[in-house]
Amino acid sequence: MTNSNNHIVIVGAGHNGLVCAAYLAGAGKKVTVLEAAAQVGGAAITREFAPGFNVSAGAHLLFMLDKKVRKELSLETADLSFSQQNMKTTALAEDGNHLLISGDALQGANISDNDRLAMKEYWRFMNRFAGVINRLNNRIPPRIATRNRSDWISLAKTALNIRLMGKDDMREFLRIAGINIYDVLQENFDNPLLKGALSMDGVLGTNLGPRSNNSVFCALYRLSSLQGMAMPKGGMGAVSNALANVAGKLGAVIRTSATVSRILMDGDHVAGVELQDGEQIATDTVISSADPKTTFLGLLGARNLEAGFVRKVQNIRMRGNVAKLHLALDGTPEFKGLHQDQLGDRLLIAPDMDYVERAFNHSKYGEYSIKPVVEITLPSLHDDSLAPPGKHVLSAVVQYAPYQLKAGWPEKKADFINQVIDLVEGYAPGLRSKILHEELLTPVDIESEFRITGGHWHHGELALDQFLMLRPVPHSAQYASPVNGLFLCGAGSHPGGGVMGSAGRNAANAVLAIEKSGGQHP
Amino acid sequence: MRQINPKNKIQAIDLSTKAHYRTKVYQSPFYTRQEPLNHLKEWGRWADYLSPHAYTCSVMEYFACRNACTVFDLTPMSKYHISGKDALPYLNRLVTREVSKIKQGRVGYCIWCADDGQAIDDGTIFHLGEDDYRLCSQERHLDWLLTNTVGFEVKVTDETHEVAALALQGPTSCVTLKNMGLEGIENMKLFDIRNFQFEGSQLMVSRTGFTGDLGYELWIDPGHAEVLWDRLFEAGRLHGIQAMGDEALQMLRIEAGFIQCHHEFMPAHATVRAGHTRSPFELGLGWLVDFNKPNFNGRKALLTEKKLGHRYNLVKLDIDGNKPARDSYVFTKNNKQIGTVTSATWSPSAKASIALATLEVPHGEPGEELRVEIYYQKELKWSRVMARARVVTDVFYDPPRKRVTPPADF
């Protein structure tokens with residue numbers, strides 16, 4: 001083993017690991033990031049899925065990147081640019097009478113004046129409420145039931161933020177924050193297509209249906225970075241590459257194809273990490289951007305933890321229920337009734353809320369949706385670096401596809417792909433004939449490609465009971481863990497998933513604060 | 001044997017084959033022998049078993065134990081078989097002490113805690129063989145023990161109902177077992193385990209007990225329970241053998257200074273009120289906490305407690321007068337309330353009113369003069385006395401024969 005003086009090892013070069021590395025390197029720390037894959041980015045990557053066709057293999061839309069991270073790490077000057085910003089959403093109707101949603105403006109689908117007005121109000125209060133969450137996102141969550149002053153100040157600030165919304169908004173926020181989006185949309189709107197599309201915001205990437213509680217919270221969380229949807233030029237990998245460049249310039253060493261197989265202990269303190277090839281790297285500080293189950297039960301091992309804590313980690317809900325479809329297309333697809341200008345929007349197949357709920361029903365019993373909900377993007381329309389000339393890439397999020405499929409994914413995957421393509425073909429006749437290559441990542445594939453337990457993008461369900469000081473579990477919710485020298489910085493920690501970087505930034509701050517106070521919680 | 005697979009905790013059990021399906025409570029495999037001796041016809045409960053308070057007179061039973069020997073039915077005690085490659089590291093993570101110090105063929109006392117360093121229960125670890133242990137305790141803990149298996153190659157089996165057990169305690173216990181034909185029994189040292197052939201079965205004997213006296217505990221399959229009882233009483237007939245119930249045991253264990261769950265502490269997982277649990281330090285069991293182990297349940301919290309100090313001291317009180325100070329408050333000489341009595345009895349051997357008490361720190365220094373408030377009733381009239389009490393360090397009854405090997409025949 002080598003000397004561990006002041007040396008920090010970060011496990012995983014996903015966006016959070018890279019953000020954390022950049023901040024710590026910027027603070028003068030010697031940082032090494034170890035990434036198992038051959039390229040940086042984790043689930044925020046661009047990769048080839050068919051010869052000449054590239055796609056954002058995990059997340060495909062950017063709408064949560066922490067503004068502080070952007071600014072403090074000067075990402076815009078680090079080669080990060082966008083092929084699309086403030087993207088609109090088109091809710092597809094089978095008859096071609098689609099609904100265009102642009103912020104709070106609605107167009108098409110015979111939308112009523114009432115719905116138009118209601119949308120203005122809905123958009124206003126949802127963004128206002130999301131602002132409360134926004135102010136929590138880039139803060140280390142306070143601990144409850146402590147006598148620590150900073151914890152109390154942080155809690156008081158949160159209460160004050162809610163109170164400052166005024167009586168009516170505060171009451172409404174407290175009323176809806178924990179309930180389901182089905183009820184809230186039902187209260188506000190008439191148009192089924194509109195409700196179907198908006199309900200998607202409450203369930204995308206999660207293991208929830210519109211009638212599940214926490215779906216309003218998820219919708220608020222998705223809005224909480226208060227920015228429009230965008231596509232990075234070169235795909236999502238461009239974000240990770242920019243972060244890696246910044247971290248590298250600040251002095252962080254990033255090693256790819258370096259798979260950490262376990263975290264080493266010396267007594268009750270972290271002593272280093274061991275790589276799959278047997279190489280050992282000594283360090284007294286390991287920060288893991290892997291999900292909490294992988295970190296604690298896989299890399300560290302339950303026997304180095306106390307049993308009550310292990311039980312809590314085991315009980316983290318993180319079962320993926322989302323698949324990712326990538327199609328290489330020969331030519332531009334055509335959607336019934338969709339104007340060429342709208343083809344580059346975010347296209348949704350969620351014709352009404354009951355459709356979405358029914359799609360979810362199957363997954364509760366270990367079956368995939370017969371008629372799934374789909375979020376489609378055609379990134380190559382905006383970015384010709386992704387596909388050969390005249391050809392296109394279709395990237396779609398497909399729900400629901402449960403991690404534990406009763407019939408087994410190896411047996412059923414081909415059927416599911418066919419079914420999804422048939423469904424999209426219904427909206428885009430002739431699509432099938434244009435397909436040159438297809439790839440579908442089930443949660444099991446996501447688990448193995450991105451090393452996320454359960455294939456859950458967010459490293460743990462986004463829910464009020466797994467948020468703030470409860471994420472991932474109490475006693476590791478302030479990025480420090482019960483094990484001396486082991487920290488978390490991934491999406492499994494507060495605030496959660498999405499290409500955001502807040503967890504990485506908060507974790508770096510937590511590590512620095514603990515170091516400053518001599519190893520104790522500040 | 002009721003084996004529980006940790007991955008599938010709930011297994012259908014055919015209740016129709018279980019006695020308690022009809023009786024709502026198990027009868028011990030010794031029941032047919034206990035029942036005729038139970039002149040009082042009063043039965044208490046120990047978990048899901050019938051357990052006699054007393055057979056005839058608890059004081060007589062007490063004296064039988066201190067002067068001859070008594071038989072107490074231990075079957076209701078929780079018994080967990082822990083085996084497999086990781087049995088030792090598993091136990092070391094579970095309990096606070098270093099388990100590797102309990103050699104094969106030996107028994108060790110231990111306590112285990114929740115993550116917050118608060119006691120769940122105390123008990124004994126029997127090191128039966130290589131990677132083979134039995135954990136015994138008063139309360140049931142299968143769920144916690146299975147929770148602890150994650151990450152270990154270990155098999156945990158609840159064998160409470162598959163092992164019948166008797167405690168034979170008192171000065172004539174050794175000679176009784178010798179009479180019964182257990183050759184070499186007199187060579188067993190305190191905390192030793194030995195196996196004997198017995199009526200075509202295997203009888204395990206440990207030199208352990210809960211009375212603070214010379215004594216043994218006998219472990220056998222339930223099919224041989226009755227013959228063991230019969231042979232024991234036959235062998236001990238001329239040595240004053242008696243059956244003993246729980247009331248006498250309470251007097252004995254308080255004299256010996258032994259703590260008991262639900263008296264001196266509440267099991268952490270069954271305690272809902274914050275602050276109502278106790279740490280090993282607060283139970284006087286700091287000597288069982290080994291911080292040289294890199295990890296065990298409660299370690300971090302106990303390290304903090306060691307640094308910042310604990311809240312309570314558990315002490316032994318020698319109290320003036322002859323009235324047991326049950327459930328009494330404890331006061332300083334200046335009438336400041338500083339604690340409560342957790343267990344109290346008149347000690348016939350020490351000829352004193354004695355108690356175990358929990359006191360707020362810094363109280364509990366040896367020799368400290370205190371007061372206990374005793375309420376007592378005479379023909380419906382209540383009286384109150386503020387009795388003087390002193391903190392003492394020695395246990396109230398500690399005969400050398402407990403440790404002497406070989407023990408005298410008496």
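Two strands pair if DSSP finds at least two bridges between them. Strand β16 (residues 346-349) of chain A and β17(A) are joined by three bridges and run antiparallel. The model is predicted.

**Strand β17 of chain A**
- β17(A) spans residues 373-377 and is mostly covered, with five of its five residues buried.
- In a regular strand the side chains alternate between the two faces of the sheet.
- A:V373, A:E375 and A:T377 point one way from β17(A). A:V374 and A:I376 point the other way. All of these residues are buried.
- On the β16(A) side, the two strands run antiparallel. Here A:L348 stands opposite A:E375 of β17(A).
- Strand β18 (residues 392-399) of chain A also pairs with β17(A), in the antiparallel sense and over five bridges. A:Q399 in β18(A) is the bridge partner of A:V373.

**The barrel of chain B**
- Six strands of chain B form a closed barrel in the order β14-β17-β16-β15-β18-β19, with antiparallel pairing.
- On average, neighbouring strands of this sheet are turned by 40° against each other, direction ignored.
- Strand β14 (residues 312-319) of chain B meets strand β19 (residues 381-392) of chain B through four bridges, and the two run antiparallel.
- B:D318 stands opposite B:R390 in β19(B).
- Helix α8 (residues 246-256) of chain B packs on the sheet. The helix touches β16 (337-347) and β17 (352-360) of chain B. The direction of α8(B) makes about 120° with that of β16(B).

**The domains of chain B**
- Chain B is divided into domain 1 (15-74 + 161-256) and domain 2 (311-399).
- The C-alpha centres of the two domains of chain B lie 31 Å apart.
- Their contact takes 10 residues from domain 1 of chain B and 13 residues from domain 2 of chain B.
- On the domain 1 side, α3 (58-67) and α8 of chain B are the elements that give two or more residues. α8(B) gives the most, with five residues.
- By class, this domain 1 side has five nonpolar, two polar and three charged residues.

**Where the chains meet**
- The contact between the chains takes 14 residues from chain B and 15 residues from chain A.
- The chain B side has five nonpolar, six polar and three charged residues.

Note on methods:
Residues numbered from 1 in each chain as written. Chains lettered and ligands numbered in written order. Predicted model: local features only at pLDDT ≥ 70, side-chain atom pairs only at ≥ 80, totals over all residues. Axes fitted to C-alpha atoms, helices over the stretch in contact; angles between N-to-C directions. Contact = placed C-beta atoms within 7 Å. Domains from an automatic or database assignment. Nonpolar A, V, L, I, M, F, W, Y, C, P; charged D, E, K, R; others polar. Buried ≥ 20, exposed ≤ 12 C-beta atoms within 10 Å, placed from the backbone.
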